[in-house]
Amino acid sequence: MSAGISRIGRRLLLMVFLSLAGGLLGATLVRYAPGYGMDERELDPRLSETTREAIRSGHQLHSGLLSYYGAWLARAAHGDLGRSEWLDRPIAGLLVERFPLTLRSVLLGVLTAWAAGVVLALASLGARGWWVDLAGTLTSGFLIALPVAVVALAAMYLRAPVFVAIAAVIFPKVFRYLRNLLVHAYEQPYVLAARARGIGHARLLLRHVLRLVGPPVAALLGVSISMAFGAAIPMEALCDSPGIGQLAWLAALNRDLPLIMNLTLVVTLLTVGANSAAELLHSEAP
Amino acid sequence: MSAKSTLRAVSCSVLFAVFAAGLFAGYLTHYSYALQFREVPNAAPSALHPLGTDSLGRDLFARLLYGTRISLLLAPAAALLATLIAGVFGGLAGLAGGWCEKVVLAAADLSMALPLLFVLLALRALMPLDVSPVISVVATFLMLGALGWPSSLRVAWAAARELRNSDFLLLARAGGSAPGRILMKHVLPHLRPVLFAQFWISIPLFILTEATLSMLGLGVMEPLPSWGNLLKGLENFSAVRANPWMLAPLVLLVVVVISFQLALPAEGELA
């Protein structure tokens with residue numbers, strides 16, 4: 001019990017450390033980006049030097065990196081992530097508006113990819129599964145060789161929802177990895193021995209094979225969420241889906257660094273959270 | 001010769017042919033990648049233009065050859081950079097252990113937690129959109145190389161850590177070998193197959209990432225061609241339906257990526 005709590009505590013500490021370090025990296029990029037704090041109003045000849053100085057102070061141009069980061073952290077703790085320079089709107093509001101759509105696409109995409117991957121990987125190991133194996137291997141080999149943006153274009157052409165395109169990106173990795181894990185697990189001596197003793201397929205899978213493949217599968221589940229968020233950028237950008245992926249792309253095109261850094265941090269937190277949950281899940285498993 | 005060896009030989013031949021075509025593009029076409037034939041935009045394949053022309057009247061065959069040169073020269077360069085970073089820091093962490101190992105692994109964990117495409121977008125956003133095409137090429141592949149090391153580092157670290165506890169290193173240390181000699185004579189030869197595999201795996205990954213970045217308008221800039229910005233033409237579905245040869249860059253990219261996957265030797269053959 002206490003070992004479990006200390007493991008959760010360690011993961012939470014790691015999450016906090018990674019988030020703070022990621023935030024510091026983001027703040028460094030924003031603070032030292034060329035053109036940081038430049039304001040067109042400073043070019044107005046009617047403004048006095050005092051007014052210009054006030055504008056510069058508003059951008060914290062005189063502050064060092066750590067005080068800039070500290071101020072950002074203090075604001076973020078109160079739910080204020082700053083303003084988007086391009087849209088001139090609060091970043092927190094943009095996130096609340098667009099995040100649910102991306103989260104829905106990502107979760108549905110990951111679920112679909114895993115469902116297809118698990119079913120096909122298991123079917124490929126059956127007695128007459130060679131054709132499923134061949135079909136799965138060829139499909140995954142082809143999909144893995146396509147750029148994510150081309151998968152997005154294909155989805156747009158076929159009028160498929162964004163989550164289907166995300167699933168098409170995640171599926172080949174899940175299928176290949178799972179298939180190899182299962183093949184390896186079924187070759188283990190104790191699994192062969194159990195099979196020789198006449199244990200049924202379902203019992204063999206649930207009692208012996210799943211125990212062996214559980215930890216790496218849980219790790220891949222965490223990683224697939226991170227991959228899905230990455231895939232959401234071209235999917236939403238090219239399929240015109242107004243989620244945070246499209247927002248990140250537009251922010252990059254419009255050089256809105258505070259916005260893109262905040263988006264990156266939010267996705268990083270989610271990724272670290274998903275990976276930590278996956279790790280705890282398999283470490284808690286019997 | 002087994003089926004696997006035959007497949008590997010075919011894949012290597014394909015890669016060699018495509019690489020050579022890109023390298024000797026100037027001998028295979030007389031046109032520059034930027035030369036416009038304004039009187040024949042979207043032309044069908046002909047003796048003059050084997051793959052037709054794009055909407056700006058540029059010869060697609062010439063653009064594909066020069067794009068191949070850029071993608072197939074710079075993706076391995078980026079993969080080399082990523083593998084070098086992974087090899088040096090992963091090897092060091094695995095051999096040294098202690099705080100050095102902790103710091104390097106924490107940096108790798110942090111990098112792996114950051115979603116690659118988001119970070120690439122953020123870094124690209126630091127630069128103006130109207131950078132010169134040459135700078136955009138160098139920056140794109142430099143970013144890929146500088147950010148694509150964490151998973152390779154984990155592999156190099158794991159391999160080096162196994163060596164740290166090996167008997168032959170213990171004997172070498174007991175025999176009074178200097179750290180530099182141990183590294184050069186004993187450690188690097190053992191890490192070479194692992195690093196080569198990581199280098200090889202990274203190349204198609206970087207080709208695909210460049211393609212996605214360029215299709216989003218944040219990679220290699222026009223008029224320089226790369227496989228990525230050649231694929232941007234696929235966004236015009238009606239043009240692709242009318243001119244299916246516009247799919248040639250996609251077909252070539254898929255063939256090359258699959259060839260890279262098939263050509264990787266088995267673990268035992270790398271040693």
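**Nonpolar core, chain contact and local backbone features**

The largest nonpolar core of this predicted model comprises 133 residues, and the residues with the most contacts inside it are A:Ala152, A:Ile166, A:Ile170, A:Ala228, A:Ala248, A:Ile260 and B:Leu121. Helix H3 of chain B, which spans residues 60-96, contributes the largest share of this core, namely 18 residues. When residues up to four places away in sequence are not counted, A:Ala248 touches A:Ile233, A:Ile260 and A:Leu263 of chain A, together with B:Phe118 and B:Leu121 of chain B.

The contact between the chains draws on 36 residues from chain A and 30 residues from chain B. On the side of chain B that touches chain A, at least two residues each are supplied by helix H4 (98-113), helix H5 (116-125), H9 and helix H12 (248-263) of chain B. Of these, H5(B) gives the most to that side, with 8 residues. Sorted by class, the side of chain B that touches chain A holds 25 nonpolar residues, 2 polar residues and 3 charged residues.

Within chain B, the loop between helix H9 (179-215) and helix H10 (227-231) contains B:Met221. B:Met221 counts as buried because 21 C-beta neighbours lie inside 10 Å, the cut-off for a buried residue being 20 or more. Apart from neighbours within four places in sequence, B:Met221 is in contact with B:Val131, B:Pro133 and B:Ser136; the C-alpha atoms of B:Met221 and B:Val131 are separated by 8.0 Å, although the two residues are 90 residues apart along the chain. The loop between H9 and H10 of chain B also holds B:Pro223, which is joined to B:Glu222 by a cis peptide bond with an omega of about 5 degrees.

With 7 C-beta neighbours inside 10 Å, A:Asp88 counts as exposed, since the cut-off for an exposed residue is 12 or fewer.

Definitions and conventions. Residues are numbered from 1 along each chain as its sequence is written. Chains are lettered from A and ligands numbered from 1 in the order in which they are written. This is a predicted model: local features need pLDDT of at least 70, side-chain atom pairs count only at pLDDT 80 or more; totals for chains, interfaces and linings use all residues. A nonpolar core is a set of buried Ala, Val, Leu, Ile, Met, Phe, Trp, Tyr and Cys residues joined through C-beta atoms within 7 Å. Helices (H or I, at least four residues) and strands (E, at least two) are DSSP runs, numbered from the N terminus. Two residues are in contact if their C-beta atoms, placed from the backbone, lie within 7 Å. Ala, Val, Leu, Ile, Met, Phe, Trp, Tyr, Cys and Pro count as nonpolar, Asp, Glu, Lys and Arg as charged, and the others, Gly among them, as polar.
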